[in-house]
Amino acid sequence: MQKRFAVKINRVVEPWFPERRVFLKSDTDTRFIRLRPVTQLAAYTVGGVVVCWAILATAIVVMDSIGSGSYREQAKRDLETYRERLDALAGQRDARAEEAVAAQERFNAALTQISSMQSELLSSETRRMELETGIEVIQSTLRDTMKARESARDQVAALEAEMADDPRAPAAAQGNSAPTEILAEALERTARERDQIRADAAQALTRADDLERELDLIQDRNDMIFRQIEEAMQVSVEPLDKMFRSAGLPPERLIEQVRRGYSGQGGPLTPLSFSTRGEEPGPDEIRANRALQHMDTLNLYRIAASKAPFATPVKDAFRFTSGYGYRRDPKTGGRRMHMGVDFAASTGTPIYSTGEGVVVHAGWQSGYGRLVTIRHDFGIETRYAHMSKIRVKVGQRVSRGDRIGDMGASGRVTGVHLHYEVRVNGSPVNPMTYIKAAKNVF
């Protein structure tokens, strides 16, 4: 059966590959090797396959070489682009830091100016009260003087009437000059008193006019001080109010919590007020109390801002490697919720508290590695994971900017970084909401 199949193949292939003989001759003998068509076909097929394989392999090597060169060039370009982006981000970070420093300086200058204006306002108010008291005294003296002048006029008129009605007055005056001299002296004294009263009245009116002008100047000065205080309060309060609202924290609720829960030297925190000694408050007292209420609000804002995590946990150079939200798990490849943001830097980079609070956890926790958890006011909690070293203890109170640990790669990680979380009432929120909200304030 096999021979028949081979014979048929030979017949089909023979027109293209006729049978050939290869002679091998030696000194004593001559032999040959018969190459059948099938054998020739097999030899040509194997040779063709080898040649094709060699061509293909050469092409692959050449293309791989070209591709690797192109890949290296692309990698270099990507690296340069990445470096440029890092430089741009570093520049933006420095600019934001400078803006924050400038904002803090403006904030401190505004507070200094407000304190100075408050002192000037209290001094002006004291001076105004003194002037009002002086005016009242002068007016009282003027009224007494006018009454004395009228009384003197009545006495002179009465004496003149008596002299005119009594016909014996001239004779008595001729016979006895003493009463006449007494009357003349009384009239002269009355005239002098009248002139003095007129001079005092004119001087009092002039002084009253001067005091009125001085009061007008003081009022204008007070108006200017009030306007400056109100503008300074608006400039100082608006960024803090915007920061709280951007972070989803209602300022009214925060202020109420601070006012209700804060206590220190002197008792609970109560609003300031300007006393009017039980009298009906005037426009200046109303404006002064409004300014003091704004200052009280600003003070409460500052207390609330110091307690909430409105800062960046890393101050050295870093890069964001993962944001808040769903992402691909680097370990399993599946999608899962990433409940914080990641800051990548070198091992040992300092990590700082983002707000005032109490350390409630400082140790190892599965997945997080070395973890520090800080409990802040208003139901806010922050977590700092994957540390290489922890520098705080449970129960320790920390402030914004206190160093709490070093960056590392402990726990479930693929490299050195800080995993930073913010939780409100136990639920995770995007930490960048707080960081971005405060970028123009701190």
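This is a predicted model: local features need pLDDT of at least 70, side-chain atom pairs count only at pLDDT 80 or more; totals for chains, interfaces and linings use all residues.
**View 1. Salt bridges across the whole structure.** Let us begin with the overall count. A search of the whole structure turns up 6 salt bridges. Side chains of opposite charge can pair when their charged atoms come close. The views below visit several of these pairings.

**View 2. Glu80 and Arg83, a pair within helix H2.** Here the side chains of Glu80 and Arg83 form a salt bridge, with 3.7 Å from N to O. Both residues belong to helix H2, which covers residues 37-165. They sit 3 residues apart, about one turn of the helix. Glu80 is partly exposed, at a relative accessible area of 42%, and Arg83 is also partly exposed, at 45%.

**View 3. Glu356 and Arg397, a pair joining separate parts of the chain.** The side chains of Glu356 and Arg397 meet in a salt bridge of 3.3 Å, N to O. Glu356 is found in the loop between strand E9 (350-352) and strand E10 (357-365), while Arg397 is in strand E13 (residues 397-398), so this pair ties together parts that are 41 residues apart in sequence. Arg397 counts as exposed, with 54% relative accessibility.

**View 4. Glu381 and Arg383, a buried pair.** Look here for the salt bridge between the side chains of Glu381 and Arg383, at 3.4 Å from N to O. Are these two residues buried or exposed? Glu381 is buried, with a relative accessible area of 19%, and Arg383 is buried too, at 17%. Both count as buried because their values are under 20%.

How values were computed
Residues are numbered from 1 along each chain as its sequence is written. Side-chain values use heavy atoms; hydrogens and water are left out. A salt bridge is a side-chain nitrogen of Lys or Arg within 4 Å of a carboxyl oxygen of Asp or Glu. Helices (H or I, at least four residues) and strands (E, at least two) are DSSP runs, numbered from the N terminus. Buried means under 20% relative accessible area, exposed over 50%, partly exposed in between (1.4 Å probe, protein chains only).
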